[in-house]
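Dear colleague,

Please find below the structure that I am handing over to you, followed by an account of what was found in it.

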Amino acid sequence: MRYKKRKYFLAGRINIIQRSKIRELFEKASKMENVISLGIGEPDFDTPDVIKDAAKRALDEGYTHYTPNAGIPEFREAIAEYYKDFYKVDVEVDNILVTAGAYEATYLAFQSILEQGDDVIIPDPAFVCYVEDAKIAEAGIIRIPLREEYKFRINPDELVEAITKRTRMIVINYPNNPTGAVMNKSTVKAIADIAQDYNIYILSDEPYEHFLYEGAKHYPMIKYAPDNTILANSFSKTFAMTGWRLGFAIAPKQVIRDMIKLHAYVVGNVTSFIQIAGITALRDKRSWEAVETMRRVYDERRKLVLKYLNEMPHIQPFKPKGAFYIWAKIDPELDMSSEDFANWLLDNARVVVIPGTAFGKQGEGWVRISYATEKEKLIEAMERMKEALSKL
Ligand SMILES: Cc1ncc(COP(=O)(O)O)c(C=O)c1O
């Protein structure tokens, strides 16, 4: 439905997108001094030099032109090679589309699969973009809860119960933002079977696949349901390349063909020299060494923050085995909503955490703490939280 702003008429389509609820918290924090943010979801590391050098070289070598819409063939080959080497999954170049991050891959998947009246199942809590993508696609949204007793994994029985005649897609995201949960093989297989039985697509958003701890493993959905999976992946987190906007989708060929049609008119192609740097990221041993170094540092921080939180009153962390977030439960005795708690923490400890409700109704009573922040700042933030909470 159209809406009017001053003298302009604007499309209602955009008006249905909800701007982030946590904006106000960040705005408030930006006006305060000496605030430590544990709110952001991006690596604090710089991109490994070997990748930066590859981009600089590519520029000098003249990679300044349009590329094929789907991406530079050698880069798509490198992605296929990576899935073969890492996961023993066979994908062909025609199954791959290079995108401007996982965000674009996700948006294209929603637009290509769903239309008005279709249903999509989105877990609750979930990363913020899925619901907005679903609204733009005019799809019905069915939320299924991720429960603590199920380690924030999807419960296959609840998934089956949620499927309607109009369900066309389910979104999953492991390692998970915001909970840090990881998937086990049997649940991945169960979801794959359900998707095949009910003929629905799985949009599997896997940008944190390399940040795993305590021996946890990642089971990529395309390995178990190749004909039903649209994989969204990204270089943003793995190689600390958030600003580069580099990601990809892997899907059945007919889906990729449709996604390319839309991508061709919106993005055209992902920046040419960045795709060339992507080849180095995937093929050069040094970039993988850098990933492992980052993983180890995240793991140290994870343990550090968990230790602090476990000793603090009024907050109880879920022990995550993936990503770089800790999902922590607020003491119900405090009788504070997630938003109240986050505001209170900002006022009393000058620490920013994200209220769980930013990720869905099930996030009430929880907050997300990011440990993608240097150790000294994390320690300072934890000390401040401890002091503030012990006064309650
Ligand atoms: C689960 C999840 N998916 C997708 C994205 C977007 O990533 P990209 O930078 O690749 O667009 C993020 C970023 O925070 C994320 O956490």
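**Overall form**

The chain has a radius of gyration of 21 Å, which agrees with the value near 21 Å that a compact globule of 392 residues would have; this radius is taken over C-alpha atoms, and the globule rule is 2.2 Å times the number of residues to the power 0.38. Please note that this is a predicted model, in which local features need pLDDT of at least 70, side-chain atom pairs count only at pLDDT 80 or more, and totals for chains, interfaces and linings use all residues. Residues are numbered from 1 along each chain as its sequence is written, and side-chain values use heavy atoms, with hydrogens and water left out.

Along its principal axes, the C-alpha trace spans about 60 × 55 × 50 Å. The chain contains 14 helices and 15 strands (DSSP runs numbered from the N terminus: helices are H or I with at least four residues, strands are E with at least two).

**The ligand and its surroundings**

Around the ligand there are 15 residues, of which Asp 205, Ser 234, Ser 236, Lys 237 and Arg 245 come nearest (a residue is near a molecule if one of its heavy atoms lies within 4 Å of it). By class, this shell has six nonpolar, six polar and three charged residues. Helix 5 (residues 101-113) gives the most to the shell, with three residues.

For the side chain of Asn 177, an N or O atom is 2.9 Å from a ligand oxygen atom, and for Tyr 103 a backbone N or O atom lies 3.0 Å from one. Taken alone, the ligand exposes 400 Å², and the protein buries 95% of that (Shrake-Rupley method with a 1.4 Å probe).

**Backbone features**

Most residues other than glycine have a negative phi, and most peptide bonds are trans. The loop between strand 7 (167-172) and helix 8 (185-198) holds Pro 175, and the peptide bond from Tyr 174 to Pro 175 is cis, with omega near -15°. Pro 178 is found in the loop between strand 7 and helix 8 as well; the bond from Asn 177 to Pro 178 is cis, with omega near 20°.

Lys 88, in the loop between helix 4 (73-87) and strand 4 (96-99), has a positive phi of about 55° although it is not a glycine.

With kind regards

Terms used. A polar contact is a pair of N or O atoms within 3.5 Å; within protein, one must be able to donate a hydrogen and the other to accept it, and residues adjacent in sequence count only if both atoms are side-chain atoms. Ala, Val, Leu, Ile, Met, Phe, Trp, Tyr, Cys and Pro count as nonpolar, Asp, Glu, Lys and Arg as charged, and the others, Gly among them, as polar.
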